[in-house]
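Please read these notes with the model open beside them. They are meant for someone who has not looked at this structure before.

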Amino acid sequence: MNKKYEIDTKENREFLDLLRNDLFSFGHGFSSPGGGAYYLGGDGTPWKDRPRETWITCRMAHVYSMGEMLGHNGSRQLVDSALKGLSGELHDSVNGGWYAGINADGSLICGKQCYAHAFVILAACSASLISAKGADELLKEALDVYDRYFWDEDEGLASDTWNTEFTELSDYRGINANMHTVEAFLAASDVLKDEKYRVRAGCIIDRVIKWAGEYNWRIPEHFTKDWKCDPELNRDKPDDPFKPFGATPGHGIEWARLICQYALSAFDGDKEKTGGYTDAAKKLYDRAVTDGWNADGKPGICYTTDWEGKPVIHDRMHWTLAEAINTSAVLYRITASERYANDYAMFLEYLDDKVLDHTNGSWFHQLDLNNDLKETVWPGKSDLYHAVQATLIPYNKRPGLSVAPSLV
C-alpha cells in the first residue's frame, strides 16, 4: 500500500494538504454579485443559468471560513460575499428565515427548508470564528428562526419544510435534515458554549439509533407528520438527491461519525457513558460498508439499498466516499483498531484512482457502477463541503469537537 494513503504518515498528511489546497483554489468562482453561490461546473466555472441556493451558499461560507483559518488567500473575501448573500438576496426580510434559493432570472425558490436553515447555523458558526462581519448577528437570527419554526421540543426532533410565509408546515418529516441539524447544533454548542444545543443533538441521535436498530442498522429516512416510518417513499423515484427510496449507506456512515462526536463531547470521554454510542456507531458503519462497498463487484459505495441490503441505485456519490474517509479515521482514533485504518487507506486509494479529477480539479460528484462519470443527479461539482472536510477530519485530534472549531 502506498504510504500516502496510510493514516498518520507524513505522506498521507501531505496528500490531504494537496487535496485541500486544490479544492480551495477550485471553488473561487462561486461568488455572485448578490452574494449567493453559483453552482460550479466540472472545471470550476460558475453555472450562471442555475439557481443560487441557500444550502450551497452556506457550505461555501463554512468552507472558506476554514480556508481563512488555514491561511488560504482570498478566503475572507469569499466568506464576506457569501454572508452578503445570506443577509441579502437569500434572506426573507418580510417573513423571516431564508428562501431555498433564487433562480437565474431573479425569481425566488419558495419554501423554507429545515435542511437549508441548519446550514445557515453551521455557516454562521464557522464565520463567527474568524470574526467575519455580520456573522454573530447571522448566527443569532438563524438560531432564533430555527427555534421558532423547526425545532419540536416535545418530539426532540426537527420538522422539515414550511411554505414561504411560515404558515403551512409540510406533513413530511425527514432524517436528512435532522442529521445536518445535529451537525449544526454541535457546532453551535462548541462556538457559543451553550450545552442546550448539544443536548438537543443527543435527543435526535437517540431516536435515530433506536430506529436504526429496528431496521438492522439501516436508517429509515422518511416519516409522516406523526413520526411513523414511511419506508416505501419514492420507490418510483429511487435516485432522488434528497429523498431517495430505501437506505442510504452514506448516511449510515455519516451518522456514525456524528454519534461519536456527540458522545465524546457530551460525556467527556467517560467510556461507560460513551460505550453504547460507540457500539451503535460501529454497527451503523459496518452495516453501511458491508451493504454498500463493492456491492456489485466494482469498487465504490452504492448510493442506496433496499431494506435487505441489496443495491437499488448503484451510482457512487462523492459525498459518500468523503464521509467514509472521515468515519473510518474517527473510528480508528477512538478504537485503535487497524481494520479502520485499513479501510481509510482503501477509501483514499479509490479516491485517488477514480474520484479525483486530476485534470480539472476537485472530485467527480457522481460516477456510475463502472466508475465512469455520470451527471444525472449531481452534474458538475456543486460545492466543496464534503471533500474539504474529508481532508481535515482525519487529523482532528479532538474528534469530539466540530471541524471548524478544531482549527482555532
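The numbered points below go from the whole chain to single elements and then to charged pairs.

1. The model is predicted, not determined by experiment. The chain has 12 helices and 14 strands. Its radius of gyration is 20 Å, close to the 22 Å that the globule rule gives for 408 residues, so the chain is as compact as a globular protein of that length. Along the principal axes, the C-alpha atoms fill a box of roughly 55 × 45 × 45 Å.

2. How much of the chain is buried? Buried residues account for 60% of the 408 residues. When contacts between residues at least 6 apart in sequence are considered, 65% of them join residues at least 24 apart.

3. Helix 3. This helix covers residues 75-87. Its 13 residues should span 18 Å at 1.5 Å a residue, and the end C-alpha atoms are 18 Å apart, so the two values agree. The buried residues in helix 3 are Ser75, Leu78, Val79, Ser81, Ala82, Leu83, Gly85 and Leu86. A rule for reading such a list is that an α-helix has 3.6 residues a turn, so residues three or four places apart point the same way.

4. Helix 8. Residues 249-266 form helix 8, which has 18 residues. From the first C-alpha to the last, helix 8 reaches 26 Å, close to the 26 Å expected at 1.5 Å a residue. Helix 8 is mostly covered, with 15 of its 18 residues buried. After helix 8 comes Asp268, which has a positive phi near 50 degrees.

5. The sheet of strands 12, 13 and 14. These three strands form an open sheet in the order 12-13-14, and the pairing is antiparallel. Strand 12 (302-305) and strand 14 (366-367) are at the edges with a single partner strand each, so one side of each has no neighbour in the sheet.

6. Strand 12 is joined by three bridges to strand 13, residues 311-317, and the two run antiparallel. Cys302 has Arg316 as its bridge partner in strand 13, and Thr305 has Pro311. Five residues lie between the strands of this hairpin, where Gly309 takes a positive phi near 90 degrees. As a general point about side chains, they alternate between the two faces of the sheet in a regular strand.

7. Arg316 and Asp296. What does Arg316 form with Asp296? The two form a salt bridge, with the closest N and O atoms 2.8 Å apart. Arg316 lies in strand 13, and Asp296 is in the loop between helix 9 (271-292) and strand 12, so the pair ties together parts that are 20 residues apart in sequence. Arg316 counts as buried at 3% relative accessibility, whereas Asp296 is partly exposed at 23%.

8. Asp315 and Lys374. Strand 13 takes part in another charged pair, since Lys374 forms a salt bridge with Asp315 at 3.1 Å between the closest N and O atoms. Lys374 is in the loop between strand 14 and helix 12 (385-390) and Asp315 is in strand 13, so parts that are 59 residues apart in sequence are tied together. Is Asp315 buried or exposed? With a relative accessible area of 5%, Asp315 is buried. Lys374 counts as partly exposed, at 29% relative accessibility.

9. Other salt bridges. A search of the whole structure finds 26 salt bridges. One of the pairs is Asp353 with Lys354, where the closest N and O atoms are 3.9 Å apart. Asp353 counts as exposed at 54% relative accessibility, and Lys354 is partly exposed with a relative accessible area of 29%. Elsewhere, Asp8, Arg13 and Arg333 are linked in a network of salt bridges.

Conventions. Residues numbered from 1 in each chain as written. Predicted model: local features only at pLDDT ≥ 70, side-chain atom pairs only at ≥ 80, totals over all residues. Heavy atoms only, no water. Pairing = 2+ DSSP bridges. Helix = DSSP H or I, 4+ residues; strand = E, 2+ residues; numbered from the N terminus. Salt bridge = Lys/Arg side-chain N within 4 Å of Asp/Glu carboxyl O. Buried < 20%, exposed > 50% of the residue type's maximum accessible area, 1.4 Å probe, protein only. Rg over C-alpha atoms; globule rule 2.2 N^0.38 Å. Contact = heavy atoms within 4.5 Å. Expected span 1.5 Å × (residues − 1).
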